[in-house]
Amino acid sequence: MATREAAVNAVLHGNEYDSDKRFKACFENTGTALVITITDQGKGLDPETLPDPLAPENLLRGTGRGIS
């Protein structure tokens, strides 16, 4: 579910539905964990500008839970 959400976010927010842009999914088995990395061709973001998902006013929001 988390991988699907990351892929959807890459297309929707990162690439802004631009059909000329792609996203990449990499899967790595470290022997003790499965590491999944999703990258897109978007302009990027500054994590410092994102609202704190753990702030009381954001706890019940249905979106914005993917970065903490």
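Among the elements of the protein chain, which has the lowest mean pLDDT and which the highest? The points below begin with that matter.

1. Confidence. This is a predicted model, in which local features need pLDDT of at least 70 and side-chain atom pairs count only at pLDDT 80 or more, while totals for chains, interfaces and linings use all residues. Residues are numbered from 1 along each chain as its sequence is written, and side-chain values use heavy atoms, with hydrogens and water left out. The pLDDT is the predictor's confidence in each residue, from 0 to 100. Among the elements of the protein chain, the lowest mean pLDDT, 92, belongs to α1, and the highest, 98, to β1. The average for the protein chain is 90, and 94% of the residues score at least 70. Helices (H or I, at least four residues) and strands (E, at least two) are DSSP runs, numbered from the N terminus.

2. The buried side of helix α1. Helix α1 covers residues 2-14, and its buried residues are A7, A10 and G14. These residues cover an arc of only 90° around the axis, which puts them on the same side of α1; the arc is that of the directions from the helix axis to the C-beta atoms. Buried here means under 20% relative accessible area, exposed means over 50%, and partly exposed lies in between (1.4 Å probe, protein chains only). The buried residues of α1 pack against β1 (23-29) and β2 (34-40), where contact means heavy atoms within 4.5 Å.

3. The other side of helix α1. On this side, the exposed residues are A2, R4 and H13.

4. The nonpolar surface patch. V8, L12 and Y17 form a nonpolar patch on the surface, and together they have about 290 Å² of accessible area. Patches are made of residues with over 30% relative accessible area and no salt bridge, with like charges joined within 9 Å and nonpolar side chains (Val, Leu, Ile, Met, Phe, Trp, Tyr) within 5 Å. A salt bridge is a side-chain nitrogen of Lys or Arg within 4 Å of a carboxyl oxygen of Asp or Glu. Accessible areas come from the Shrake-Rupley method with a 1.4 Å probe, and for residues only the protein chains shown count as cover. V8 lies in helix α1 and counts as partly exposed because its relative accessibility is 36%. L12 also has its place in helix α1 and, at 31% relative accessibility, counts as partly exposed. Y17 is found in the loop between α1 and β1; with a relative accessible area of 62%, Y17 is exposed.

5. Backbone after helix α1. Most residues other than glycine have a negative phi, and most peptide bonds are trans. E16, which follows α1, has a positive phi of about 50° although it is not a glycine. E16 lies in the loop between α1 and β1. Y17 likewise is not a glycine, yet its phi is positive, at about 60°.

6. N15. Is N15 buried or exposed? Its relative accessible area is 3%, so N15 is buried. N15 is found in the loop between α1 and β1. Not counting residues up to four places away in sequence, N15 touches A10, K21, R22, F23, D40, Q41 and G42. A10 is one of the buried residues of helix α1.

7. V11. This residue has its place in helix α1. V11 is partly exposed, with a relative accessible area of 29%. Leaving aside neighbours within four places in sequence, V11 is in contact with E16, Y17 and F23. The C-alpha atoms of V11 and T49 are separated by 20 Å, and the two residues are 38 residues apart along the chain.

8. Further separations, C-alpha to C-alpha. L12 and G42 are 30 residues apart in sequence and 9.8 Å apart in space. A33, found in the loop between β1 and β2, is partly exposed, with a relative accessible area of 35%. A33 and L60 are 27 residues apart in sequence and 30 Å apart in space. A55 is found in the segment after β2 and counts as buried, at 12% relative accessibility. A55 and F23 are 32 residues apart in sequence, with 30 Å between them in space.
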